[in-house]
Amino acid sequence: MEIGLSMKYADAGVDIAVADAAKQRIRHHASHTFTPGVLGGIGGFGALFALDKKKWKEPVLVSSADGVGTKLKVAMATGVHSTVGGDLVNHCVNDILVQGAEPLFFLDYLAMGKLDPNIVEQLVEGMSRACRKASCALIGGETAEMPGFYPVGEYDLAGFIVGAVERSKILTGKSVKPGDALIALPSAGLHTNGYSLARKLVFEVARLKPDTYVAEVGNKIGAELLKPHLCYVSALKTILARGWVSALAHITGGGIPGNLPRVLPSGVQAQIDLDSWPVLPIFKYLAKVGKIDTDELLQSFNMGIGMILVVPQAHVQSVEADLKRRREKFHRIGRIEKGDSGKAKVKFSASLSL
């Protein structure tokens with residue numbers, strides 16, 4: 001371009017008109033998630049939320065931030081983006097759920113090389129759908145167009161959540177003791193962790209395309225890898241309200257050995273029976289393709305377990321009855337035993353059913 005000619009922002013790769021159109025779509029979907037605590041709408045410099053003083057006596061705010069990771073690469077390869085929007089919300093909701101918190105509001109950060117309103121709408125539709133199911137308001141966020149930073153068609157996505165819990169009901173894991181049962185809620189698949197390894201195995205080692213049907217998995221591999229990160233709010237609603245658990249562990253990056261110890265106090269350890277739940281076909285397939293040993297599998301993937309409940313013996317029957325009433329699948333996978341401080345807090349017995 002010649003010096004002296006009038007330049008516009010669009011000449012640098014940022015189209016404000018396209019951004020405005022995308023923001024209109026965001027407002028439409030987000031408005032359907034608003035709860036009574038939301039003050040104002042989308043578009044302000046800051047989002048406003050009023051805590052219900054009648055509902056909460058001594059509220060403690062619980063916050064978390066996370067991303068979807070390289071699962072986004074699978075979404076980009078398949079052209080399906082709404083599922084990862086829901087994944088983002090559900091992961092964040094589960095992270096504060098383990099401390100007993102009820103989600104209040106959610107904000108997202110979306111950055112793209114070139115803004116595509118159709119992709120933006122898919123992502124926000126997925127987020128708003130997940131927010132509605134969790135009774136959480138999608139209250140604001142940021143959509144950034146960054147030409148030269150992200151290649152065209154690629155983006156990054158992150159989420160930020162705030163919830164509340166009564167101070168007296170915060171789950172810290174301090175009350176976990178020997179004899180407590182470990183009850184697991186199943187995952188739908190990889191959820192949002194282990195995708196760098198999974199993608200390498202599927203697309204580089206096995207050389208599959210996203211639309212390749214894999215008989216051992218019973219699905220096209222792209223669709224299988226995009227299975228949603230489940231949200232456990234509904235499953236645990238009554239259980240948390242009644243105080244039937246002494247701890248919860250969301251099984252994400254690092255698997256069971258990397259997450260369950262985070263909620264266990266000194267002096268105890270978890271004893272887990274590896275053949276107490278069915279391993280999903282996708283994990284069996286990845287293990288075979290990569291010739292991965294058990295220790296690596298357990299640290300890289302959730303292996304079919306999305307949430308672990310630590311339940312005092314006095315409440316085990318009530319917890320299992322409530323889960324059955326809600327038609328939630330669950331597995332009794334082990335127990336809490338006395339342990340020595342400084343030693344591994346998770347012990348595994350038997351073998352995974354690969």
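**Helix 2 and its buried face**

I began with helix 2 (residues 71-78), where Lys 71, Leu 72, Val 74 and Ala 75 are buried. Buried means under 20% relative accessible area, exposed over 50%, and partly exposed in between, with a 1.4 Å probe and protein chains only. Helices (H or I, at least four residues) and strands (E, at least two) are DSSP runs, numbered from the N terminus.

Looking down the axis of helix 2, I found its buried residues within an arc of 155°, so they line one face of the helix. The arc is taken from the directions from the helix axis to the C-beta atoms.

What do the buried residues of helix 2 pack against? They pack against helix 3 (82-97), strand 6 (155-166), helix 5 (195-205) and helix 6 (221-225). Contact here means heavy atoms within 4.5 Å. Just after helix 2, Gly 79 has a positive phi of about 80°.

**Ground rules I kept in mind**

This is a predicted model: local features need pLDDT of at least 70, side-chain atom pairs count only at pLDDT 80 or more, and totals for chains, interfaces and linings use all residues. Residues are numbered from 1 along each chain as its sequence is written, and side-chain values use heavy atoms, leaving out hydrogens and water.

**Cysteines**

Taking a disulfide as a pair of cysteine sulfur atoms within 2.5 Å, I got a count of zero. For Cys 136, the nearest cysteine sulfur is that of Cys 131, 4.5 Å away. Cys 136 is buried, at 0% relative accessibility.
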